[in-house]
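Here are my notes for your review. Please read them next to the model.

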Amino acid sequence: MSSSDARYMARALTLARNGLYTTDPNPRVGCVLVKGGEIIAEGWHAQAGQAHAEIDALAKLADQSLAQGATAYVTLEPCSHHGRTGPCCDALIQAGIGRVVVAMQDPNPLVAGNGLKKMRAAGIEVSCGLLQTDAEQLNRGFIKRMVSGLPYVRSKLAMSLDGRTALANGESQWITSSQARQDVQMFRAESSAIVTGVDTVLADDPSLNARVDFTVKQPVRVVLDSNLRMPANAKMLRLPGETWVITCSDDPAKQSPLRDAGCKIWQVGSRTGRVDLREAFRLLAQQQINTVWIEAGAALNGALLETELVDEWLLYVAPCALGDQARGLFQFPELQSMEAKKPFKFNAVRQVGPDLRLTLSR
């Protein structure tokens, strides 16, 4: 493949990013149609139920006959099955496209190479793998859900230089700057769900929504609540969008007022008296949740650290100190040796206002 192929695919990836905040549960996909060394149409997938990127691009052609012999650059394998819309590979075949360049194969078992095979069988020249790493990065949540049955999970933490998240009395607003807090809103906006523990709800009564100045599909608010202590008058229940509670309690008297307040209740198994986290995240994936953004306290983050369910830890570090009586990041049993310490890997460091944002993985 040539440098011009890479250039057109890079453009298709840029178009795909237009759907970063709106396409859930579908992947973000872009398409560029090229003929005679010129772009003749572009498209991208904006929202589930609306036209896929290839259909969007074909619809924007000034003359449909221009598609004959053109090359289509698509960031994800064209679908071959009937979902809310028809198969995109059929549309490309019927339009007379002569060549298709794809960034990556679709991990969806309903597609999984079938679209590529169908187009090749129709006589279209097909190649796959151009800028694949970039395409995978764009749809990490969708890919992980399809491959593993779990969502892509990020946990956000904010701490002082001495590793503290709140004063001993629980006061935590605000450790970090307004710039860091706005940065968090962007990550919230691109997530399928925001997850917290009931202790955070009881302490802070958070909104758990994405407060941004552009169109966004609001993430589902999810509260992990083993014993259904969630208050029926919580602020988040009065906001637009969905609130789910995942519990291991089957007490109908506790569930009823929450359901009446508009809450959806999901029951899973327990582990050591608390919600089984792996079962909870599998449930979220089954409900087509691609990416999870966690904002929680030391107890839940400590449990997540033990289960290794988190793909990325985003740690905002503020240039201040709170002292040794303040609260820490993680709550877990005391370690008896340095060999038992919990290692992390630094993946990125970025300054956000006066703070640092550390991106880590296990």
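**Notes on the model**

1. Thr291 counts as buried, because its relative accessibility is 13%. The cut-offs are under 20% relative accessible area for buried, over 50% for exposed, and partly exposed in between, with a 1.4 Å probe and protein chains only. Thr291 sits in strand E14, residues 291–295. Helices (H or I, at least four residues) and strands (E, at least two) are DSSP runs, numbered from the N terminus.

2. On provenance: this is a predicted model, where local features need pLDDT of at least 70, side-chain atom pairs count only at pLDDT 80 or more, and totals for chains, interfaces and linings use all residues. Residues are numbered from 1 along each chain as its sequence is written, and side-chain values use heavy atoms, with hydrogens and water left out.

3. What does Thr291 touch, not counting residues up to four places away in sequence? The neighbours are Gly141, Pro151, Tyr152, Glu190, Ser191, Ser192 and Ala193. Contact means heavy atoms within 4.5 Å.

4. Seven aromatic pairs turn up in a search of the whole structure. Rings of Phe, Tyr and Trp (its six-membered ring) pair if their centres lie within 6.5 Å; planes under 30 degrees apart are stacked, over 60 edge-to-face, the rest tilted. One of the pairs is Trp313 with Phe330, edge-to-face, at 5.4 Å centre to centre and 85 degrees between the planes. The pair links distant parts of the chain, 17 residues apart: Trp313 is in strand E15 (residues 312–317), and Phe330 is in the loop between strand E16 (327–328) and E17.

5. Trp313 is buried, at 1% relative accessible area. Phe330 is partly exposed, at 24%. Phe330 also pairs with Phe344: the ring centres are 6.2 Å apart and the planes are at 25 degrees, so this pair is stacked. Both Phe330 and Phe344 lie in the loop between E16 and E17, so the pair ties together parts that are 14 residues apart in sequence. Phe344 is partly exposed, at 31%.

6. Now the surface. Phe346, Val349 and Leu356 form a nonpolar patch there, with about 310 Å² of accessible area together. Val349 is in strand E17, residues 345–352. Val349 counts as exposed because its relative accessibility is 55%. Patch members have over 30% relative accessible area and no salt bridge, and nonpolar side chains (Val, Leu, Ile, Met, Phe, Trp, Tyr) are joined within 5 Å, like charges within 9 Å. A salt bridge is a side-chain nitrogen of Lys or Arg within 4 Å of a carboxyl oxygen of Asp or Glu.

How values were computed
Accessible areas come from the Shrake-Rupley method with a 1.4 Å probe; for residues, only the protein chains shown count as cover.
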